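Reader: I'd like to go through this one label by label. Could you show me the value behind each and tell me what makes it count?

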Amino acid sequence: VERLGIYCDQDIRSESEIDRTVPDLSPYEQCMYTIDQRVNDRGFPLDVPSICRAVDVVEYAKKRANQLVKEYTDGAVSKVTEVQKIVDWINTQGIKCTSFRKGDHDDLLITSATQGATKVEQVIKLRRGSSKTSTSKFLKMLECVCADGRARGQFQFNGATQTLRWAGRLIQPQNLRRIDWARDGATI
């Protein structure tokens, strides 16, 4: 009990020193902080049935992509996540491939198209489509949803320390894929 009292006394001294040292928020910062807290306390609704369906679709698509990559490579690659095996297989198809980073995909697609290597094109497209991180957000949404169907605590005012902008937390809703209706040819 005595150790706890000593700890609490030191904690109070430390907090008091921080209060004296750190300046108060400006009126603008205080306003933004208050808005941030209101937004995070209120949260935003998530359509849980649709999210569950999206998780199922993503899982199906991953399984199908793995089946296709195995088929296209005659079993040399079993999963779209086996990047080194994909690189090795592409090299066996007469296309020079030293790495398979996102930036390499377009060049490899052009090379494979000009050489008529349609299976290589298909494998590259499967890998590209399967490696999107935006699909993992669906599982994170299910982890974050509260009993009332809302996600809370998703933003942090001044969370990006270099720019002092809001930062996303958990789901990071500011990074959700945007649909460009004109580019994607979608209609409402």
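**Labels and their cut-offs**

Reader: Why is Asp106 called partly exposed?

Author: Its relative accessible area is 44%. Buried means under 20%, exposed means over 50% and partly exposed is in between, with a 1.4 Å probe and protein chains only, so 44% puts Asp106 in the middle class. Bear in mind that this is a predicted model: local features need pLDDT of at least 70 and side-chain atom pairs 80 or more, while totals for chains, interfaces and linings use all residues. Residues are numbered from 1 along each chain as its sequence is written, and side-chain values use heavy atoms, leaving out hydrogens and water.

Reader: What makes Asp106 and Arg128 a salt bridge?

Author: Their closest N and O atoms are 2.5 Å apart. The rule asks for a side-chain nitrogen of Lys or Arg within 4 Å of a carboxyl oxygen of Asp or Glu, so this pair qualifies. Asp106 sits in helix H5 (residues 105-114) and Arg128 in helix H6, so the bridge ties together parts 22 residues apart in sequence. Helices here are DSSP runs of H or I, at least four residues, and strands are runs of E, at least two, numbered from the N terminus. Arg128, at 30%, is partly exposed too.

Reader: How many salt bridges are there in the structure?

Author: There are 5. Among them is Lys85 with Glu82, at 3.7 Å between the closest N and O atoms; Lys85 is partly exposed at 39%. Another joins Lys140 and Glu143 at 3.2 Å, N to O. Those two are 3 residues apart in helix H7 (residues 137-144), which means about one helical turn between them. Lys140 is partly exposed at 29%, whereas Glu143, at 58%, is exposed.

Reader: Why is the pair of Phe44 and Phe155 called tilted?

Author: First, the count is 2 aromatic pairs. In this one the ring centres are 6.4 Å apart and the planes make 55°. Rings of Phe, Tyr and Trp (its six-membered ring) pair if their centres lie within 6.5 Å; planes under 30 degrees apart are stacked, over 60 edge-to-face and the rest tilted, so 55° comes out as tilted. Phe44 is in strand S1 (residues 44-45) and Phe155 in strand S3 (residues 155-160), so the pair links parts 111 residues apart in sequence. Phe44 is partly exposed at 25%, and Phe155 is also at 25%.

Reader: How do you know that S3 and S4 pair?

Author: They share 3 bridges in the antiparallel sense, S4 being residues 165-168, and DSSP has to find at least two. Phe155 stands opposite Gly168 in S4. The hairpin has 4 residues between the strands, and Leu164 takes a positive phi near 65° there.

Reader: What makes up the lining of the largest pocket, by class?

Author: The lining divides into 1 nonpolar, 4 polar and 5 charged residues. Ala, Val, Leu, Ile, Met, Phe, Trp, Tyr, Cys and Pro count as nonpolar, Asp, Glu, Lys and Arg as charged, and the others, Gly among them, as polar. Among the lining residues are Phe100, His105, Arg127 and Arg128.

Reader: Which helix gives the largest share of the lining of the second largest pocket?

Author: H3, with 6 residues. By class, this lining has 6 nonpolar, 3 polar and 2 charged residues.

Methods: On a 1 Å grid over the protein atoms alone, a cavity is a set of points where a 1.4 Å probe fits but cannot get out, and a pocket is an open set with protein on both sides within 12 Å along at least five of seven lines; lining residues have an atom within 4 Å of a point.
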